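Reader: I am new to this structure and would like to learn how to read it. Please take the features one by one.

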Amino acid sequence: MKAIKNLLLANMYAWKLNDFEKALIKYQNASDVRQSSKEISKFPPFEVLFIAAIYEQKKDFLRAREYYHNFLIIIKIKIT
């Protein structure tokens with residue numbers, strides 16, 4: 001439940017309030033919770049995708065690419 005709360009808060013900070021720094025913190029918190037929970041860790045790490053989108057919005061394309069790339073690697077591992 002805590003991961004979902006952090007994801008929702010991060011989404012609000014990023015796309016409604018344009019506070020990307022707070023959003024990044026909340027997405028990282030969601031990622032930490034997801035990784036520490038066996039139940040939640042089964043799901044794709046969408047927070048990584050959202051972090052990439054924030055860096056893209058901030059015009060930090062190198063960092064965005066890194067997160068998009070990591071997301072694709074993680075998804076491929078989970079699928080296979």
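Author: Start with burial: of the 80 residues of the chain, 30% count as buried (under 20% relative accessible area, with exposed over 50% and partly exposed in between, for a 1.4 Å probe and protein chains only). This is a predicted model, in which local features need pLDDT of at least 70, side-chain atom pairs count only at pLDDT 80 or more, and totals for chains, interfaces and linings use all residues. Residues are numbered from 1 along each chain as its sequence is written, and side-chain values use heavy atoms, with hydrogens and water left out.

Reader: What does the secondary structure of the chain come to?

Author: Helices (H or I, at least four residues) and strands (E, at least two) are DSSP runs, numbered from the N terminus. Here there are four helices and zero strands. The radius of gyration, taken over C-alpha atoms, is 12 Å, close to the 12 Å that the globule rule (2.2 Å times the number of residues to the power 0.38) gives for 80 residues, so the chain is as compact as a globular protein of that length. Its C-alpha atoms fill a box of roughly 35 × 30 × 15 Å along the principal axes.

Reader: Which residues are buried in helix 2?

Author: Helix 2 covers residues 20-36. Its buried residues are F20, A23, L24, Y27, A30, S31, V33 and R34.

Reader: How far does helix 2 reach from its first C-alpha to its last?

Author: The expected span of a helix is 1.5 Å times one less than its number of residues. Helix 2 has 17 residues and reaches 24 Å, close to the 24 Å expected.

Reader: Is A3 buried or exposed?

Author: A3, in helix 1, is buried, with a relative accessible area of 4%. Leaving aside residues up to four places away in sequence, A3 touches A30, V33 and I40.

Reader: Where is I4, and how accessible is I4?

Author: I4 is in helix 1 (residues 2-16), and I4 counts as partly exposed because its relative accessibility is 47%.

Note on methods:
Contact = heavy atoms within 4.5 Å.
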